[in-house]
Every structure is written in structure tokens, then in C-alpha cells.
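Trainee: I'd like to learn how to read strands, contacts and confidence in a model. Can you walk me through one?

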Amino acid sequence: MTTAAVHHEAAAGGHHELSFVRKYIFSTDHKIIGIQFLFMSLFFLLVGGLLAMMMRWQLGYPGKAVPGGGVLPETMASGGVILPEFYNSLVTMHGTFMVFFAIMPLLVGVYGNYLIPLKIGAPDMAFPRINMASFWIAFGAGIIMLAGFFATGGHAAAGWTSYAPLSARSDLSGVHMGQVLWLVGLIVLGLSSILGSMNYITTVVNLRAPGMTWFRLPLSIWALFITAILVLLAMPVLSGALIMLLFDQTLGTHFFDVSAGGQPLMWQHLFWFFGHPEVYILILPAMGIVSDIIANGSRKPIFGYHSMVFAIGAIAFLGWIVWGHHMFQSGMNPMLGTSFMISTMVIAVPSAIKTFNWMGTLWRGNIHFHTPMLNALAFVSMFVIGGLSGIFMASTPVDIFQHDTYFIVAHIHYVLFGGSLFAIFGAIYFWYPKMFGRMMSERLGKVHFVLTFVFYNLTFFPMHFLGMTGHMRRIYDPTQYEFLRPYQGTNRLITVGAFLLLASQLPFIWNFFWSLRKGAKAPLNPWRDNGLEWTVPSPPPHGNFATTPTVHHGPYEYSSPLTTDDYLPQNQEVRP
Amino acid sequence: MRRMMLAVGTVALCVACGGGGGGDQAGGAEGGDQAAPAAAAALGTASVSGNVLFTGTAPANPAIDMAEEPACRDKHPEGPRDPEVVVTDGKLANVFVYVKSGLPAGQTFPAPSAPAVIDQDGCLYHPRVLGVMVGQPLEIRNSDPVLHNIKAVPTVNRGFNISQPQAGMTTTRTFSDPEVMVPLECNVHGWMNAFLGVVAHPFFAVSGTDGTFTIGGLPAGTYELEAWHEKFGTRTASVTVTDGGTATVEFSFAAN
Amino acid sequence: MHWLPPQASTFASEIDFMFWVILVITGIAFVIVEVGLLWFVIRYRHRPDRRAYYTHGSKTAEIIWTAIPAATVIVLGVWSGRVWGEIKRRDRLPANAVRVAIAAKQFEWNVTYAGADGALGTPDDFTVRNQLHVPVDRPVVVDLTAEDAIHSFFVPVFRLKQDAVPGMRIPVWFEATQVGEYEIACAELCGLGHYRMRGMVHVHTQEDFDRWMLARAAGGEGR
Amino acid sequence: MSHAAADAHLLEPGAGVYHKKLGMWVFLASEVMFFTALIGSYIILRFGAAESWPVPSTVLNIPVTALNTFILICSSVSMVKAYAAAVEGDQKRLRLWLLVTVIGGATFVGVQVFEYTHLIHEHFLPSSGLFGSTFYTMTGFHGFHVSMGVICMTWVTIQAFRGRYTRENYHGVEVIGLYWHFVDLVWIILFTIVYLI
């Protein structure tokens, strides 16, 4: 790989003052766009969380009126009691918002945008205006998605996976307009993601600063780069599938209509061909971010940098050939199931490598427990649970029983909340001073961390046990089944945990907004980090670097014998 | 290049939105409230009354196995049957009779604000056949402590599919266009069927267990009446009425 | 409280055994990682005079912790593949099985029985809603299909789950080992009544089953 | 396009290609996946419904579309000519060949619109079985891509008439050319599998 030099195509933004609108609303600055994504996706994270609370209420106290539920229209709740059709919409939209409008934009939209140019020493993205379009298209998609709640017939109610023919025939789901808005919203969002990843890939390939060779890239950038490739190749497949489903709903086409020879299983194949890479889109950037934070917190180089990079690559590659493990019980040929099982099992290997390498990084470190580090450690310990529980359903016979039960719900939440979301919290605490020039309160941060960690486990760990009883996913009222009735106490416990988990976010929300104005001024390099982003003022000016930095080291030269300090910024030249 | 990408994006957006515009006409739950309940009084003073006869042996109504739904089964001590054909002494019930044509063209009739009520009790619809005016609220009740869903499968009107998971729940819907008949079904209990006759005027009736029906408040004139039964199809009759008078009509169905 | 439901089919115990084995293996991995994490976090916590050990990794260590998980999952995979084949391979359906057909529709399981002649697709077939009657200790093959949306035929005590897909006829088999009544659930979101798509399996002795079959075939009662 | 790499002063560091060109390649990779999804579904559905699939020539007008295919291929040739002219800095020929390409593309879209009107008149609709569903979805999205290409190509042509492109900088022509050849290639595949087989 050659040493790259920066070409100042963006001409460092021109030095005239921009109007407020151009600077903060229709901005082409990757940092502003990243912050716009941050506010948008935190909003959707909250919306998704509130939807989950309504679901949890119904599951913990089936048939009881939601407190304050009287304000809900009669199409959603009858006298405050959530109706089954609305419950299905809650299930669907909780998943959709969390996956597509919270976790994915938080990782890819926020930190992809914010970190890539800063960490590789570039003035901005390769295509700043496409970058701006990418945000505003995503924003539009979010509006379309929210609009679905006001559609006659209610919002989409076929699950975030929207299996056809339930999603294709409004006579089966009772939903037409909501489903159409859901489909259009996701198609629009897909366009935004494709434009974004095109930008990331071009930027990483072409705009690295001199000396920033491929194997001097921080793992966060590696992960975001490979994620961008996954998004680029997976999203259009989803778009194709969504378009077919949309046409089935609106133009009367027959792609998934059995009576005309259409094939319902084709939807599942297309969806999961996208969907499994999507799972890695949601976790790889988190792994990259956590690697950065753990090395920083341990004051040690990351253990086995090269194998970490190859593990990301291996996970991304294997992600394309395992989609069938979502379909073991779908009626797909059981022989295919066996081959999908083997490829799925193999994914455990790179995941194990990553976990052990993080532990290797901690080993003989000098571990600082700042809030980002605490969240990163939570990521590792919780991701392990999510990863290990995945082995149960990877095993086809065990999956016969576990498929579509709460075991799966526990698994995905250990990966996406215990994994991705803890990494996101860590990232927010870590780069907040860079984004806003002020520190978040460490004390409140730690309170938030401890409460979240405890109640998160109280909420999601018992779901494993529910799964073992055979408790199905996406059911409105478990007490209808005799075999589930004895476990209603567990359901109630989970509900209590979920409410406390939501309440635990209050310190975070307070901390976030309070620190915007009142937080302590951030020093130049508060975490004594090696990244290039800490060599410029916080927040960095338009164009980022006054002079193009030259990179001399890899990203993890902590406690290097070359210096007496315990860190060595990537651009700092050491003469022996 | 950048502009080109933007253009591609924008057009894709437009196409996507255009493709999503295929929503149905709204037939929401509003309307009907402002209709004067006494409006029918001003229409006329003639009436039609009659009888629905049944000849031959009525087919036996099939038994329903409600074993898996004890809350409903227990409401039928003699064993639940599906009341498809209700014949008493040669008289046929559950026949929907309405004025099919003959009303002055262009005349509109305000819908009453009082709802037509259909109840779900013992996992059966009561009544099984019901007339409702365009714009008149249809109130659906659940008297069973089990989930019912109510799926209307019209061909002209906008369909709906709603649920009532608990006893005591009520839901109100209206229909925007005349349609004879709109079937209602429950997918949790596949045997449950009801039929709604949606008409644009108040001149309709359903035959009782004694086979009789009365349509009142008609203006003088000559009308074509139609009688509809779920198993035996339709019969028509022509009738002329004068102000203040009552005409009688007889419909006859036979076992087929 | 025991969490796994009772076992009432021939392969239930094998699936459960596999579940426990995986639980032990993952449990060991879990303990190693979590205890290791905790130990490192306490042992190597920041001290003013401490300096982290400067290393970029160890090839040997990495090869070890690549090889062990790889070997484990491959063994698990081969074992799973064998059991999976026994249960789900369509070319290995048991012979001399009782055959029934289940057509799932919103929100009912319509079970069609062969009637007196023991063959499906003949005029003496009859259909019962939400009740699957089977004899004990005899393999039963269910031809699964769906009329509208996708449903999933799930009998927890049998550890059996199979999606019913419109346009497809998917055979699944089981052999009940315990007389009794067990619940059937739908495990795939199929619409607003999904949570109420509940049926019952009635496992009879062979004699009781024959008696029931005769009575039902003769009476034709119910719909 | 490879001889462009010889002009070292046009290059930026990194992959050895300038941003827009790299961006276009990346974007086309995404487009490949999009059309793969549509074409893959078509193949699965058609195999699944082997006998009941209508013979394309009984529904579609093959000769007209063959002619249309020829027009699109010709526009790809003229695109190559335009690019060569841009490399040489020959403004007159650049404008001429770009204009020919725009006209070729617009003709293709026009003929497709004519084809659609005709088919709809004969009651062959998107709702006409799986063939109608797949036919309109695939050719429709291809037509949409060609239309986008024509719009962008028109823009590039206007720029060419304004003398925007020089021997040193003809990025716009090269990048739109990449897109154009891609769209052409997709059509050759679609024409083969939808109309001919």
C-alpha cells in the first residue's frame, strides 16, 4: 500500500463566513452532518424505546390499560388497553426504528461521518454535497416512517422483517397505507445509506493523509470502511426486495403472491441476504470503536492488530453466506440448512479472536476507568453473552425449539443493546468533547453506566429463560397459553426492568444537554489519545487541519518505549 | 458527478413517493352525527309489509365444535349450531329485504345518528343479518371474554380488520357506499359469519323468526323490492303503494 | 422451576441434551471470558507508578484461541447436522406413519384426517379445527401447508417447529411418547390474531385413537 | 478507460483514480447488486413457474426492441467516440458525439414509452401474472436509469458546448461514460433474458 497524500479538493471550505442555514442546516461539513445524524438518531432511539415500553406493559400486564393510554386513538387502544393490531405495529416499528433509524445511523451516520475524515487526516469527505444529501434523505425517510402512525389502518404490522405474504396483502394484515409508507421510508433510507457508503469508501481510499497506510488506520476506521462496503452491497438488495413488495401492495404485481406463482420464501431469501450483512453493519463499527477505546483505556497497543483487521474482514465476508440460518424452519430445503449451519458456526471463530484480543489488550495494561472505557468493557462482556447464545440457534436441532422464541429476542438484544448500544454510549462520551468542545460530567456518566448495566441485564437476561420455556416472540398476550402462564412473573420482572432501564437514561439525557452549555471546557486531548482528531481544536474548524498532518505511527502506540509519555500521537515524529 | 448523484437521488425519491400513493379512499368513522334522526318522518306515509316463506325441508344447520373455546361453548348448553338457515313453521328468518329501485332519482336520505348494533356473543354474531345505512354508525360489541377479530370483506366499500381482545369492547365503523351484502367474518373462529346490507336509504328490513318484515315511511310510488338470503340467493318483487296505504308482498324460497 | 417444557416426543430428549451440552460449552467460555475480564480489570487497574506492558500481541496465543473455538464449533456442527437430518430431512420420513394434513389459516389449524381408509385425499377425509389427535408411540407425518400468511406449527413438548408456507406442502414428523393434551402454538407472526392461534394435540393410546377416529368419521360432527 | 491513467497529473493519491471516478465505480457496484436482486428474483420466479411462463415473443414486439437495443449500443459507441475526442481535446467532435449519445438515449426511452403504451393498450399490465410483474419492474427500472443518464448526459453536453472540458480535465465525460456503459450492459442482459429466452 502506498503512502497517500491529501488533495485539498474541498479547498478547506473557503474562508468566508457561511450563513446560519448553510453552516448548521444545509451544511456540507462532515462534522455538522455527523452531529445532525446524532440528534436525529438519538430521537429515534427514544421513540423506539417508548414503543418498547408499551409492548413491555402489555406483556407484563396483559389486558390492563396503559397508564395514560386513554389518549391513544381507538384504532390503537380501546379504553387504554392496547389492541393486538397496534401491538403488532409496536413490534414492527420498535424493530424498524431501532435497527434502521437508531443503531445504524448512530454508528455509520454519526461516527462514520464524524470520525473518518478526522482520523485519516482529511479536510472533509470526498463528496461533501452528496454527504449533505445523504443526511437530508435519511431525515425525509424518518418523517415518512413516523407518518405511518397516522395512516388509516395503522402502521405496518408485519414485523421489521415484513414477511410476505402478510406484508404484501392488506386483506391479511388489515394495513395498507402504513405498510406502503414503511416500504417507501426504507427505500428512501436505503438510498441515503448507499450515497453515504459511497462517500466513506471513496474518502478512506483516496483521502488518507501522507503516512496513513492501510495498516496504520485505527480499527474504528477499518470497521467503518468494511461496514460501508457491506452497506453498499447489501442495501440495494433490500431496495430491490422492498420495491417488489411495494409493487405487490400498490400495482397488483405477483412477486410474492402464491396464487399467481409468486414465491413467499423469495422475500425471506432476499431480506436475509441483506439482513445478515445488516447484522454486521450494526456490530462491526461498534467493535472498531470499542477497540479504539480499550486500547486507550488500557494504555496499551491493541493486541494482534493485524488479526483484528482480518477478523473484521472475515466476519464481513462470512456475513454473506450465512443468511439461511434465519430460515432453518422456514421450509427451505433442510439440506441447505446444514450448509448454512456450518458457515454460521465458523463465524464464531473471528468473533472469538476479537474477544480474546480485547482481553489480551487489557492484560498487563494500566487500566483507566473513564466512562467510555466502562462502556467499552460492558460491550465486551455483554457481546460475549450475545455471541455465545448465538451458538444455540446456530445448531439446527436446537434451533427447531429456540427459533422465534424469546431466546432469539434475548440474543439480538445482547448483541444490539449489550453490544452496539454500549459501544455507542462509549463513543458518545469519548468524542463528545471533540464534537462540542465541552466535557460531559464523568460522575453522571458513571451513574448512567451503572444503572444502565444493571437494569439492562435485569431486562434481557431473564428472556433467555422465557425462551427456554418456548415463549414465542411477537405474541400479544402470553397468558393465552397454559404452558406460558406459570412464567408470567418473569414477564412482569422483565417489564419492571425495562421501565427502570428507560428511567436510567434520564441522567444521560440531562448530562448530554446540560454539558452542551455548562460542561467543563474540553482540553486539547482529554483522553491522551493517539488519534489525529485530537491534534486539532475542539470542535475542529471547517476543513479540520490547518496543515495536512503527516502520519508516523500506527494508531495504538501507547506506553511505547520511544517516549516517556504513555501515548504517542500518530503525527508526532520521534527521533531516537 | 455530484450533481448527477443528487439528481438520481431526487428522482428516485419522487418515483418512490408516487408509487406509494395508492391508498384507498378514506371511509373513516366520522359522519352521520349531524343527520337528523327524525328525518325519515318527512319521507312518506306508505309502507310495505310481508312474509318470507320457505318450502321444502330446511337443511340441518351444522354443529360447531367449540371444544377449544370453553367460554363460548358454555353459552350453548344444547350444543352450538351454525344458524345458516332459520326456518320456523315454513317461515324463513334472516332475509334482508330492501327497496332496490323506484325511489326518485337524485334524492338523498340523511343517515340516522343512532348506531346499528351487532354483538358477538357465544362466538356467534347477533344478529346474523343486519341492515345499515350509508354513513350510519355500525357499533360492534364483544360480549365474549375471548379475542374476536372483525373482518369486513366488501367489494365496493373500504374493508377493515379490527380486533376486540376483551369482553365489553366496542368499535364503531361506517360504510361510504351502498353494498348488498358486506360479509363479516372472524378469523379466530372460522365459523362466525354475519352479513350487512348497506343501502343509501332507510327502506330496508330483515325478516324475523316469524318470517315477517315491514318497511315504513315510503313515499307513494312503484318500487322493486329485493329479498336476499345467504344460502338461497335473491328474489325480487314489484310493489305499488299509495300515501297512507300498506301493500303486502310475499317472497318464497325453497330448499335447493 | 424447570424451564424447558416436558418432553413428549422421541427426539425431544436428544434436542434437550444438545441444548445442555452447548450450555456447558458456552458456559465454560463465558466463565473464562468474564472471570478473565474481571481479573484483568482488577489486577491491572491504573496505579500511579504503573506502566502498561508494551506489546503488539502474540502469534502463539492467537493461534491457540483461534484453533480451540474452531475445533469446538466444527464438532458441534457435524453433530448438529446429523441430528438435524434425522428430524427434518424429507427423504428420511418414517415409514408406516399415521398421516394427517394441516392447513393453517388465519387463525386456525385445520387438521384433516384420513378417515376409515387411512389415506388422505379420499372422500371419507374429515377436518377438525384446532385439534390434532394422534396415537402414542407411533410416528405421525403432518403435511403442512398454509392458506394465507405464513404460520409456524409449534408444539413445545415435542420440540417441533416448522413454518407452514402458502403454496408449499412441507412434511414434518414426530412420534409422541406420552399420552396427554398439549398445546400447539403459532410461532410466526401471522396477523392480529397470531397470539390466539392456539390448538391442542391430543395424544391417545392406539385404542382410544381408533375409537375417536371411528366416531368422528361416522358422525362427521363439527366444523 | 485505462489509458487515462497515463495522465499522471490528473490523478490524486490513494487508489490512483480521482474521487469522482472512484465514486462512480463504487456506486456502480451498488447498482450491480440492485439489478442482481431484480434479475435473480426473475430467474427464481421463472424457474418456479416453468410451463406456465408465456413465450416472450407472443407478448412482446421483439423486432422493435431489437432495433431499440441496437440504438442503445450505438449510443455506447458514440459515447466512446466522445470520450476519445475529449482525451484529444477535440471540442467539435466531443460536442458532436455527446449530442449523438443524448439523442440515442432519448430515442431508446421514447421507444420504450411507445412499447409500454402499446402493451398497456393490449392489456398487458404489471398485474398480468408473473411475466407482467417482472417485465415492468426490470425494464421499468432500467428505463428509469437510462432516463437519469439522458438528463445527466444533457447536462454534460451543455457543459461541453460551454467549453468546460479540456485535454487536462474531462472528468465529467469519463464519469458519465462509465455510467452509460453500465446501463447499456444491463440492457443487453435484460434484453437477452426477458425478450429472447
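Trainee: How many bridges join β5 and β8 of chain B?

Mentor: Two strands pair if DSSP finds at least two bridges between them. Here β5(B) (residues 116-121) and β8(B) (residues 138-142) run parallel and are joined by five bridges. One place to look is B:I118, which stands opposite B:I140 in β8(B). By the way, strands are DSSP runs of E with at least two residues, helices are runs of H or I with at least four, and both are numbered from the N terminus.

Trainee: And where do the numbers and letters come from?

Mentor: Residues are numbered from 1 along each chain as its sequence is written, while chains are lettered from A and ligands numbered from 1 in the order in which they are written. This is a predicted model, where local features need pLDDT of at least 70, side-chain atom pairs count only at pLDDT 80 or more, and totals for chains, interfaces and linings use all residues.

Trainee: In what order do the strands of that chain B sheet lie?

Mentor: The order is β6-β5-β8-β11, an open sheet of four strands with mixed pairing. β6 (124-126) and β11 (170-173) of chain B are at the edges with a single partner strand each, so one side of each has no neighbour in the sheet.

Trainee: What about chain C: which strands pair with β5 there?

Mentor: β1(C) (residues 98-105) pairs with β5(C) (residues 139-146) in the parallel sense, over seven bridges. β8(C) (residues 170-175) pairs with β5(C) in the antiparallel sense, over six bridges. Find C:L144 in β5(C): C:I102 stands opposite it, and in β8(C) its bridge partner is C:I170.

Trainee: How many residues of chain A are in contact with chain C?

Mentor: Residues count as in contact if their C-beta atoms, placed from the backbone, lie within 7 Å. By that rule, 81 residues of chain A touch 75 residues of chain C. On the chain A side, α10(A) (334-362) gives the largest share, 16 residues.

Trainee: Last one: how confident is the predictor?

Mentor: Per residue, you read pLDDT, the predictor's confidence from 0 to 100. Chain D has a mean pLDDT of 90, with 92% of its residues at 70 or more. Over residues 1-13 of chain D, though, the pLDDT is below 50, and this stretch has 15 contacts in the model beyond near neighbours in sequence. For the complex, the predictor gives an ipTM of 0.89 and a pTM of 0.92.

Note on methods:
Contact = placed C-beta atoms within 7 Å.
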